[in-house]
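Here's a quick briefing to read alongside the model. Have the viewer open and follow the topics in turn.

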Amino acid sequence: MNVASVYPKVKAIVADVLVVDEEEVGLKSQLIGDLGAESIDFLDLVFQLEREFDIKIPRGQLEKNARGSLSEAEFEQGGVVTEQGMAALKEYFSEVPETHFKTNLKVNEIPTLFTVETFCKLVVNASQQERSDSAETVA
Amino acid sequence: MSFLFVDRILSLDLGKKITGLKYVTATDVYWQQTRSQQKAFLPSIIGETLGQLAAWNVMKALDFRYRPVAGVVGSVIVGQEVHLGDTLYLSAHIEKLDESSVVYCGEVTVNGQMVLRLQHALGPMLKMETLCSRSQAVAQLDEIYRPTDIWEPCPGTAVSLMPTVLPIAFNKIENIENIEAVVAHLFVSRTAPYFPDHFPLKPVLPLTILLSAKVDLAFRILRHHFPQKIVKLSELRKIKMSEFVLPGDVLSTQVSLKILEEKNIVFTFRSTVANKRVCVCEAVFSLEC
């Protein structure tokens, strides 16, 4: 399973959730900027992806993945992403153009970075995590 | 006038399942006129009752720190009509619950017959104190949580009673002659009787009231274009509430015709306030001669 293999289903779900034509949805489409997503849409999208791919996506997983090994204090100060935090975001959201990472990005603005590819990666990671957890249980 | 509909909770399995009942009586005000001139209890309010039942389980499971609000509903199948004197038996199952959201489904029956089935409902959580006081919510649950295996359905109405009807409709409808492009406007007034309970500290238009208005709008459009047909609502689906609608807002709704067949018609509704999307849904109607 990889981004390319999950993309068709993710694209269809994104189009359905955001009530847009599938033709308008691309791998690089920004969910908020290009497709008009609202906060309820992200909840709906995660819910639909969990059902479709039979995975669990804990709330806030994207931000947690992006933060990586950084502590909260290293990642953000007073609701604004630090320099270290920005570097971590750029590394995790490698599919997002550099120009989208604005200076003094607030933590609550991180969803503006999300693209369809971001959610494809999320599905792939969550699926791998499920398989790994199952293997550990069996062992 | 209360906007709390569950009369009694019959059983509660915390975080998992809840059953309850509601008597449909002359003190209820949410009715629609049917073709046979009888009054039928609004399906959206039956859905509201089921949602409130699920919400009681959620609130108790989270120790009344959070309250779910309307978010997304995959599908509401509408079954037989509900009339004065009926007893709604309500059953809700919680599929997933955490402090950010709840996923649930449920069914409402009258004398064992399905009147409403709700699937894939997703409600985001808000902190309780933004909507109402914790003590008030706890007290309201205490009033109705009286579990029992033995309960009596309301034995219909022996006396001819005419319940008061609270009209729920858009204030202004434009372009009804064009079935493909009707627009309607709702002026949201603070005087509406559902605001004190929904919610005490943050009055917002209930999703189910908006859905009732949309269904009423669809019936008006269909009566205009198909006056000889018997129209029945069979399903509401792909319902999503993305923003609160407040007293003083002007809500505009665009109606689009998605499917038109001989016996089946599907409308899509997109509602906005100040050009910002607040609610979308689809409504499926059957047309019979």
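A helix crossing is called right-handed if the near helix is turned clockwise from the far one by less than a right angle, and left-handed if anticlockwise. Keep in mind that this is a predicted model.

**Helix pair in chain A**
- Helix H1 (residues 3-18) of chain A and helix H2 (residues 39-53) of chain A have axes that come within 10 Å and cross at roughly 140 degrees.
- That angle makes H1(A) oblique to H2(A), and the crossing of the two is right-handed.
- On the H1(A) side the contact includes A:Val6, A:Val10, A:Ile13 and A:Val17, while H2(A) brings in residues including A:Leu45, A:Leu49 and A:Phe53.
- Sorted by class, this contact has 9 nonpolar, 1 polar and 5 charged residues.

**Nonpolar cores**
- The largest nonpolar core has 87 residues, and those with the most contacts inside it include B:Ile9, B:Tyr30, B:Phe41 and B:Leu251.
- Helix H3 (residues 207-225) of chain B gives the most to this core, with 11 residues.
- Setting aside neighbours within four places in sequence, B:Tyr30 touches B:Phe3, B:Phe5, B:Phe41, B:Leu166, B:Tyr194 and B:Ile209, among others.
- Apart from that core lies another, of 43 residues, among them A:Ile13, A:Ala15, A:Val81 and A:Tyr92.

**A look at B:Asp142**
- You'll find B:Asp142 in helix H2 (residues 134-144) of chain B.
- Is B:Asp142 buried or exposed? B:Asp142 counts as exposed, because its relative accessibility is 54% and the cut-off for exposed is over 50%.
- B:Asp142 and B:Pro200 sit 58 residues apart in sequence and 18 Å apart in space, C-alpha to C-alpha.

Note on methods: Residues are numbered from 1 along each chain as its sequence is written. Chains are lettered from A and ligands numbered from 1 in the order in which they are written. This is a predicted model: local features need pLDDT of at least 70, side-chain atom pairs count only at pLDDT 80 or more; totals for chains, interfaces and linings use all residues. Side-chain values use heavy atoms; hydrogens and water are left out. Axes are lines fitted to C-alpha atoms, for helices over the stretch in contact, and angles run from 0 to 180 degrees between N-to-C directions. Helices (H or I, at least four residues) and strands (E, at least two) are DSSP runs, numbered from the N terminus. Angles under 35 degrees count as roughly parallel, over 145 as roughly antiparallel, 65 to 115 as roughly perpendicular and the rest as oblique. Contact means heavy atoms within 4.5 Å. Ala, Val, Leu, Ile, Met, Phe, Trp, Tyr, Cys and Pro count as nonpolar, Asp, Glu, Lys and Arg as charged, and the others, Gly among them, as polar. A nonpolar core is a set of buried Ala, Val, Leu, Ile, Met, Phe, Trp, Tyr and Cys residues joined through side-chain atoms within 4.5 Å. Buried means under 20% relative accessible area, exposed over 50%, partly exposed in between (1.4 Å probe, protein chains only).
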